[in-house]
Amino acid sequence: MERYLILKDGTVYTGEAIGASGDAIGEAVFTTAMCGYMQTLTDPSYYGQIVAQTFPLIGNYGAIEDDAESAKPYLAGYIVRELCECGSNFRKDGELDDYLKRNGIVGIAGIDVRALTRKLRSSGVMGAMLTDSLKDMPRKLAEIKKFRVRNAVENTTCGGVTEVNPVDAEHPLKVVLYDFGAKYNIERMLISHGCSVTRVPASTTAEDALALRPDGIMLSNGGGDPADNTSVIAELKKLCECKLPIFGICLGHQLLALANGFQTVKLKYGHRGANQPVTDVVGGRTYITSQNHGYAVRASSVDESVATLLFTNANDKTVEGLEYKNAPMFSVQFHPEACGGPKDTGYLFDRFVESMCAAKGGN
């Protein structure tokens, strides 16, 4: 069955229908990750986006639900060059196409993903629609042009406070994890580093978070425009004044920057993939990182009396990490918890633990 990808500028790609039936509208983006498609499908940061995989064959190890980063996929649609119909892996739970159907994800296969990627790199990410019919194109183009990712955090955060694991002898440090669309592996990494974890919704006030008596605060990844989250930013300002250790990842990095008076900017086509080079400003070493974001902290807005630069993107020199001077807080734009790899920057969780131990020892 034919399916079409319509872009905001009127470009149409014809391919084969995969996944669920029906139309899907979202922001067309691409990821260059060569593995970890299950992690891509279930990363809440992709909320509202139609994701194109640049790697030419997807589904070769089937659907492995233990690899999921959230309870369900949040992306709006899925684009692949070729979908493997018979995945081979001893861990697989079924075929990827069945997984897409079961979770209501509309997809398309067989289009020239290289051509699409070149267009998005030159023109920037844009609204798009997956549809089984080209009828009523004026209406569809009007819908696409009006589309904007909205309420990403509200639609991906948890429903209430959850104690993921209690404080005990092996997990003496208590971390409150603000869930802006958190990936499961953030919890796993914290637990493996001796932390108990309490996940809280994005709407949690600073007072309620502090009432849990945490040793540190983790700000998770998430989707959408960071500047839309004005109430979250207001609460983070209060938390910054408490001088608790805070570690922000991805959207958490951007929200912490906004809470400290800096600005964010939308990138032309973002950083999405598992091969983004990031340079340690102090040590000079360059790491290969996993990333998934369309916004960045505006470098010119960073007040050097408030924060210093930790990392920069080796390709476009955008801000990839900040360390704050007014409290034991730091944040990174990339994913040190990346379950699909690479894992070169996992040491940042050690740094967070060290800051909590130092703060706790001083109390």
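1. Ground rules. The model is predicted, so local features need pLDDT of at least 70 and side-chain atom pairs count only at pLDDT 80 or more, while totals for chains, interfaces and linings use all residues. Residues are numbered from 1 along each chain as its sequence is written, and side-chain values use heavy atoms, with hydrogens and water left out.

2. The largest pocket. It holds about 340 Å³ of space. A pocket here is an open set of points on a 1 Å grid over the protein atoms alone, where a 1.4 Å probe fits, with protein on both sides within 12 Å along at least five of seven lines; lining residues have an atom within 4 Å of a point. Points are joined across faces, edges and corners, and the volume is the space filled by probe spheres set on them. Of the 26 lining residues, Glu27, Gln49, Val149, Lys266 and Tyr295 lie nearest the centre.

3. Who builds that lining? Strand S16 (286–297) is one of the elements that supply at least two residues each, as are helix H4 (137–146) and helix H9 (251–259). The largest share, four residues, comes from S16. Helices (H or I, at least four residues) and strands (E, at least two) are DSSP runs, numbered from the N terminus.

4. The second largest pocket. Its volume is about 270 Å³. It is lined by 14 residues, and Arg121, Tyr269, Gly270, His271 and Gln276 are the closest to its centre. Strand S15 gives the largest share of this lining, seven residues; helix H3 (113–123) also supplies at least two.

5. Helix H4. Its buried residues (under 20% relative accessible area, 1.4 Å probe, protein chains only; exposed is over 50%, partly exposed in between) are Met137, Lys140, Leu141 and Ile144. They sit on the same side of H4 because they cover an arc of only 100° around the axis, taken from the directions from the helix axis to the C-beta atoms. Exposed Pro138 and Lys146 are on the face turned away from that buried side. The cover over the buried residues includes strands S1 (2–7), S2 (12–19), S3 (24–31) and S9, by contact (heavy atoms within 4.5 Å).

6. Asp225. Where is Asp225 found? It is in the loop between strand S13 (216–222) and helix H8 (230–240). Asp225 counts as buried because its relative accessibility is 15%. A polar atom of its side chain lies 3.0 Å from the backbone nitrogen of Ala227. Leaving aside residues up to four places away in sequence, Asp225 touches Arg148 and Tyr295.

Notes. A polar contact is a pair of N or O atoms within 3.5 Å; within protein, one must be able to donate a hydrogen and the other to accept it, and residues adjacent in sequence count only if both atoms are side-chain atoms.
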